[in-house]
Amino acid sequence: MLTRIDHVGIAVASLTETIPIYEQAFNLKCVHQETNERQGVREAMLLVHSGDTGGSYVQLLEPIRDDTPVGKFLAKRGPGIHHIAYGVDDIDAALASLTVGGFDLVNKTPVHGTSGSRIAFIHPKGLGGVLTELVEAAAGH
Ligand code: CMX
Ligand code: CO
């Protein structure tokens, strides 16, 4: 079902401050930035590896408001790893299978993610305390 680690999502207070740190530390390049209003974030994607099944990235996340998932996370725990995201070929099939398995889906149907991808979150409680995202990349990504 899973094709790759798509990204590791890291909650930060400031993209402007954190992007250069990650670029310099690991010689990464920030290849994309966007604001996702529904998710309540400004995000930056730093490419780690381009593979046959799609890229792997560090995703830096800055909240656009305090009353958002990342805003609440930062207030409670401070900056750090917020979620892990796995690539899938068919997110509808993956969600159907997880539903049958009794997992607690935050998104029962896919929503809009980075660069036109379709994404869905699975609640951390059933997965060892790790908030988990599935990503079906848009065609050509
Ligand atoms: N990782 C692990 N546990 C988390 C967590 C995270 N990122 N966020 C919250 N939790 C835990 C809390 O520690 C808390 O646990 P306890 O009950 O044991 O104290 C519990 O979940 C509830 O915490 P909360 O602060 O009240 O958070 P909510 O229930 O309001 O929301 C969640 C939790 C997962 C439903 C919410 O964060 C969510 O919907 N996330 C999906 C969307 C998202 O994260 N978007 C931003 C990223 C966008 C992107 O990657 O594109
Ligand atoms: Co993500």
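Biologist: Why is T3 called partly exposed?

Modeller: T3 has 16 other C-beta atoms within 10 Å. The class of buried starts at 20 or more and that of exposed ends at 12 or fewer. The count of 16 lies in between, so T3 is partly exposed. The model is predicted, and the counts are computed from it.

Biologist: Where in the chain does T3 sit, and which residues does T3 touch?

Modeller: T3 belongs to strand β1, residues 2–11. Leaving aside residues up to four places away in sequence, T3 touches T53, G87, V88 and D89. A contact requires C-beta atoms within 7 Å. T3 and L15 are 12 residues apart in sequence, and their C-alpha atoms are 28 Å apart in space.

Biologist: How do you know that β1 pairs with β5?

Modeller: Two strands count as paired once there are at least two bridges between them. Eight bridges join β1 to β5, so the pair qualifies. The two strands run antiparallel.

Biologist: What makes β1 and β4 a pair, and in which sense do they run?

Modeller: β1 and β4, residues 54–63, share five bridges, and at least two are needed, so they pair. The sense is parallel. I10 stands opposite L60 in β4, and A11 stands opposite L61. In general, strands of a sheet pair through backbone hydrogen bonds, either parallel or antiparallel.

Biologist: Why is β4 called mostly covered?

Modeller: Seven of the 10 residues of β4 are buried. Buried means 20 or more other C-beta atoms within 10 Å, and seven of 10 reach that cut-off, so the strand is mostly covered.

Biologist: How many bridges join β3 to β4, and what links the two strands?

Modeller: The number is 10, and β3 and β4 run antiparallel. H49 has S56 in β4 as its bridge partner. The link is a hairpin of two residues.

Biologist: What is found between β2 and β3?

Modeller: β2 and β3 form a hairpin with four residues between the strands, and G40 in this hairpin has a positive phi near 75°. β2 covers residues 29–36 and β3 residues 41–51; they are antiparallel and share seven bridges. Q33 stands opposite A44 in β3.

Biologist: What is the strand order in the sheet, and why are β2 and β6 placed at the edges?

Modeller: The sheet is open, has eight strands and mixed pairing, and its order is β2-β3-β4-β1-β5-β8-β7-β6. β2 and β6 (111–112) each have a single partner strand, so one side of each lacks a neighbour in the sheet.

Biologist: How do you know that the length of α1 is close to what is expected?

Modeller: Helix α1, residues 15–26, has 12 residues and spans 16 Å from first C-alpha to last.

Biologist: Which residues are closest to ligand 1, and how many surround it?

Modeller: The shell has 20 residues, and the closest are Q39, P69, F121, P124 and L131. Two elements give two or more residues to this shell, α2 (69–77) and β5 (80–88). α2 gives the most, five residues. By type, the shell holds nine nonpolar, eight polar and three charged residues.

Biologist: What does the UniProt record say about residues 4–137?

Modeller: The unreviewed UniProt entry carries the annotation "domain: VOC" for residues 4–137. In the model this stretch is 23% helix and 43% strand, with its end C-alpha atoms 11 Å apart.

How values were computed:
Residues numbered from 1 in each chain as written. Chains lettered and ligands numbered in written order. Predicted model: local features only at pLDDT ≥ 70, side-chain atom pairs only at ≥ 80, totals over all residues. Near = placed C-beta within 6 Å. Nonpolar A, V, L, I, M, F, W, Y, C, P; charged D, E, K, R; others polar. UniProt positions renumbered as here; feature names shortened; annotations may be inferred. Expected span 1.5 Å × (residues − 1). Contact = placed C-beta atoms within 7 Å.
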